[in-house]
Amino acid sequence: MDQVECFLRRLVRRIPTEVLKVTLEKWGRLPRQQNIDFKQTKWALADELIALSKENGWTVRHITELEMLYVIDNPNQGMWHVFQLVDPEPDAQAVGFIRFKEQFKLHLTELVRHMSIKMKKNTDEAIWIRIAWGDSYSGPNNMLPTYVVHYLQTPYVFVTRLKSKQKPFLFQALIMATRYKTIKDASLSGRKFTDIRDLLMQQYGQVFPARCPSPLEDRPQTVSHPHVYREHAKTELNRQQMAYEAFGSGKLPQLQSAVYKLETKFKDPTNQTMTKREKPFKCVVTFASTNLLESLRHCASSGIASTPVTPLLSFIPRKGRNYFVITDSAQGQSTVNNTLPN
């Protein structure tokens with residue numbers, strides 16, 4: 001099985017049938033007179049497309065175009081990590097797509113041999129980059145490409161499927177192409193690309209109201225005694241107010257987790273053995289949910305979690321982070337460090 005056949009078969013099996021139909025139409029390389037039966041099995045569908053690839057001379061480059069169209073239209077898959085460019089040069093804001101494309105390819109190909117780079121500017125001004133890495137002994141591996149998304153005139157870079165050994169090469173090429181001095185981890189990751197992008201760039205239309213929008217008078221009385229009802233209603237509204245102030249009142253981006261790495265002194269008068277340790281107490285606390293921010297807001301508004309909401313949780317939407325390092329300051333107080341360790 002040659003590379004085109006293997007790559008195309010794997011791609012067909014990966015993409016849902018209805019999405020594949022739309023993507024192939026957008027790709028525009030199918031013969032106009034060709035009618036494909038999308039109700040057949042994936043294996044038969046792949047066989048038909050492989051036969052067409054041989055008839056029409058499709059190459060790996062053509063199949064990568066098809067994959068890029070699918071990923072750009074369906075980016076909420078895999079784990080995306082965000083990085084932030086730091087210290088721009090005076091001409092950083094003047095970097096356009098053509099200049100970025102030329103410089104990025106130039107520097108990355110100087111650093112890595114046997115690799116394939118494909119770049120596309122999307123309608124929302126995002127630059128999508130597909131990198132198939134190779135090495136001195138083998139060609140580009142198109143089965144496991146790295147995807148990079150960068151919005152020009154912003155310091156943010158979104159990356160998925162990047163191995164640690166490839167990270168220095170990618171970062172060096174990004175720094176040179178964008179005219180920044182360095183790049184760091186932005187302490188934000190998630191499986192929903194559009195949600196972490198909107199959270200980071202504050203594009204999700206969130207509102208943090210100064211007062212709760214629901215008055216007491218509009219609520220039905222569920223308690224027989226009016227004074228008991230009013231006391232319960234005030235408590236409920238107070239919880240909702242604090243939840244809205246911490247997380248807003250609108251739709252929240254879907255984050256799957258928040259990680260807190262503790263590097264603090266152990267403080268417990270009943271456990272002198274741990275308290276007198278010179279080394280800091282280290283542990284990792286992870287909150288996980290299919291929609292973490294919505295879950296936290298519900299816990300605060302319903303009384304499951306205490307209010308006011310701790311800044312350790314409210315920092316997530318306000319700072320666009322979901323990884324925090326908590327350390328002790330010189331005065332012995334706990335502080336939150338928003339950056340990941342190197």
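How are helix 2 and helix 4 oriented to each other? Helix 2 (residues 17-27) packs against helix 4 (residues 60-73) at an angle of about 120°, and their axes lie 10 Å apart. The two helices are therefore oblique to each other, given that angles under 35 degrees count as roughly parallel, over 145 as roughly antiparallel, 65 to 115 as roughly perpendicular and the rest as oblique. Axes here are lines fitted to C-alpha atoms, for helices over the stretch in contact, and angles run from 0 to 180 degrees between N-to-C directions.

The model is predicted: local features need pLDDT of at least 70 and side-chain atom pairs count only at pLDDT 80 or more, while totals for chains, interfaces and linings use all residues. Residues are numbered from 1 along each chain as its sequence is written, and side-chain values use heavy atoms, with hydrogens and water left out.

The protein chain has 11 helices and 10 strands; these are DSSP runs numbered from the N terminus, helices being H or I with at least four residues and strands E with at least two. Of its 342 residues, 41% count as buried, where buried means under 20% relative accessible area, exposed over 50% and partly exposed in between, with a 1.4 Å probe and protein chains only. Among contacts (heavy atoms within 4.5 Å) with a separation of 6 or more, 67% join residues 24 or more positions apart.

Back at the helix pair, Val19, Thr23, Leu24, Lys26 and Trp27 of helix 2 meet His62, Glu65, Leu66, Leu69, Tyr70 and Asp73 of helix 4. By type, the residues of this contact are 6 nonpolar, 2 polar and 3 charged. In this count Ala, Val, Leu, Ile, Met, Phe, Trp, Tyr, Cys and Pro are nonpolar, Asp, Glu, Lys and Arg charged, and the others, Gly among them, polar.

The largest nonpolar core holds 58 residues, and those with the most contacts inside it are Leu49, Trp80, Trp128, Val149, Phe158, Phe247 and Ile316. Helix 4 gives the most to this core, with 8 residues. A nonpolar core is a set of buried Ala, Val, Leu, Ile, Met, Phe, Trp, Tyr and Cys residues joined through side-chain atoms within 4.5 Å. A second, separate core has 28 residues, including Val95, Met119, Leu152 and Ala177.

Leaving aside residues up to four places away in sequence, the residues that Phe158 touches include Trp80, Val149, Phe193, Ile196, Arg197 and Leu200. Helix 7 (residues 193-200) is mostly covered, with 7 of its 8 residues buried. These are Phe193, Asp195, Ile196, Arg197, Asp198, Leu199 and Leu200. Their cover includes strand 1 (80-88), strand 5 (156-160) and helix 11 (311-319), among other elements. Just after helix 7, Gln202 takes a positive phi of about 55°.

Other backbone features lie elsewhere. Asp87, in strand 1, has a positive phi of about 60° although it is not a glycine; Asp87 is partly exposed, with a relative accessible area of 42%. Arg161, in the loop between strand 5 and helix 6 (167-178), likewise has a positive phi of about 60°, and at 38% relative accessibility Arg161 counts as partly exposed.

The peptide bond from Thr307 to Pro308 is cis, with omega near 0°. Pro308 sits in the loop between helix 10 (292-302) and helix 11 and counts as exposed at 60% relative accessibility. Its C-alpha atom is 7.8 Å from that of Arg239, 69 residues away along the chain.
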